[in-house]
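The following questions and answers walk through one model, moving from its strands to its helices and then to its metal site.

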Amino acid sequence: MPDKSDKLLVLDLDETLIHATSSPLAVPPDFQFDLYHVYRRPGLEQFLLNISQHFTLGVWSSASDEYVEEIVKTITPDAIEWFIVWGRSRCTIKRDYTLDNYYFEKKLEKVKNKGFKLEQIIIVDDSPEKARSNYGNAVYIEPFEGNREDEELRYLHDYLLTLKEVSNIRAVEKRGWRNRMLNC
Ligand SMILES: [Mg+2]
């Protein structure tokens with residue numbers, strides 16, 4: 001088994017690991033929760049099993065705490081332990097004055113209190129605004145909306161391994177990571 005790094009990997013849930021929708025897609029969902037039809041992103045289980053050998057794992061979603069807890073319970077392979085499973089109650093509500101609406105932001109300073117330095121934390125999200133205040137920690141991925149051919153988790157896995165040993169996550173240019181992996 002490979003050595004785990006000293007990094008914490010914080011994963012978003014909706015459109016990053018799963019897609020949940022109240023109106024079903026053309027194919028049957030993987031499972032249901034409440035009124036939602038839930039689809040796992042292709043390769044999800046293998047991604048979690050593989051990446052957990054290299055990073056300490058957390059989930060942080062801006063959905064309700066109860067939803068997050070239930071979904072995470074269902075998608076988590078037995079061998080995986082989460083360091084944090086956080087929902088909306090840990091987010092900070094922010095106002096976007098340009099668009100005149102509100103959104104929930106994940107402030108990684110809150111994770112710092114759990115023993116990880118900001119230099120050691122990677123946050124993966126499909127919504128840039130939710131990780132805005134921790135831009136240097138963020139790896140943005142394409143949103144998953146149910147496409148069965150989606151391969152994003154495979155590319156993400158390979159990219160994350162390149163960050164495993166860097167001493168300061170925030171010093172690494174992460175924009176364009178996907179194109180660099182596609183060209184490998
Ligand atoms: Mg999301």
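Q: Which residue in strand 6 does Gly-58 stand opposite?
A: This is a predicted model, and the pairing described here is computed from it. Strand 5 covers residues 56–60 and strand 6 covers residues 82–86, the two running parallel and joined by 4 bridges. Within strand 6, the residue that stands opposite Gly-58 is Ile-84.

Q: What is the handedness of the β-α-β unit made by strand 5, helix 2 and strand 6?
A: The two strands of this unit, strand 5 and strand 6, run parallel, and helix 2, residues 65–75, belongs to the unit together with them. The handedness of the β-α-β unit is right-handed.

Q: In what order do the 3 strands of the open sheet lie?
A: Strand 2 and strand 3 (31–33) stand at the edges and have a single partner strand each, so one side of each is left without a neighbour in the sheet. From one strand to the next the twist averages 30°. With antiparallel pairing, the order of the strands in this open sheet is 2-4-3.

Q: Which residue in strand 4 is the bridge partner of Ala-20?
A: Strand 2 is joined to strand 4, residues 36–40, by 4 bridges, and the two run antiparallel. For Ala-20, the bridge partner in strand 4 is Val-38.

Q: At about what angle to strand 3 does helix 2 run?
A: Helix 2, which also takes part in the β-α-β unit with strand 5 and strand 6, lies across strand 2, strand 3 and strand 4. Relative to strand 3, helix 2 runs at about 160°.

Q: Are helix 1 and helix 4 roughly parallel or roughly antiparallel to each other?
A: The axes of helix 1 (residues 44–51) and helix 4 (residues 152–163) come within 10 Å and cross at roughly 10°. Residues that meet across this pair include Leu-44 and Phe-47 in helix 1, and Leu-156 and Leu-160 in helix 4. Because angles under 35 degrees count as roughly parallel, helix 1 and helix 4 are described as roughly parallel.

Q: Which residues coordinate the magnesium ion?
A: Along the chain, the donors of the magnesium ion follow the spacing D-x1-D-x111-D. Asp-14 lies in the loop between strand 1 (8–11) and strand 2 (18–21), while Asp-126 lies in the loop between strand 9 (121–125) and strand 10 (138–140), so this pair ties together parts that are 112 residues apart in sequence. At 2.1 to 2.2 Å, the coordinating residues are Asp-12 (OD), Asp-14 (O) and Asp-126 (OD).

Q: What is the relative accessible area of Asp-126?
A: Buried means under 20% relative accessible area, and Asp-14, at 18%, is buried. Asp-126 is buried as well, with a relative accessible area of 15%.

Q: Is Gln-120 buried or exposed?
A: Gln-120 is found in the loop between helix 3 and strand 9. Leaving out residues up to four places away in sequence, Gln-120 touches Asp-6, Lys-7, Leu-8 and Ile-169. With a relative accessibility of 13%, Gln-120 counts as buried.

Q: How far apart in space are Glu-109 and Ser-133, C-alpha to C-alpha?
A: Glu-109 lies in helix 3, residues 109–112, and is partly exposed, with a relative accessible area of 38%. Leaving aside neighbours within four places in sequence, Glu-109 is in contact with Leu-118 and Asn-134. Glu-109 and Ser-133 are 24 residues apart in sequence, and their C-alpha to C-alpha separation in space is 9.6 Å.

Notes: Residues numbered from 1 in each chain as written. Predicted model: local features only at pLDDT ≥ 70, side-chain atom pairs only at ≥ 80, totals over all residues. Heavy atoms only, no water. Donors = N, O, S within 2.8 Å, 3.2 Å for Na, K, Ca; no water. Buried < 20%, exposed > 50% of the residue type's maximum accessible area, 1.4 Å probe, protein only. Contact = heavy atoms within 4.5 Å. Pairing = 2+ DSSP bridges. Right-handed = clockwise from strand over helix to strand, strands pointing away. Axes fitted to C-alpha atoms, helices over the stretch in contact; angles between N-to-C directions. Parallel < 35°, antiparallel > 145°, perpendicular 65-115°, else oblique.
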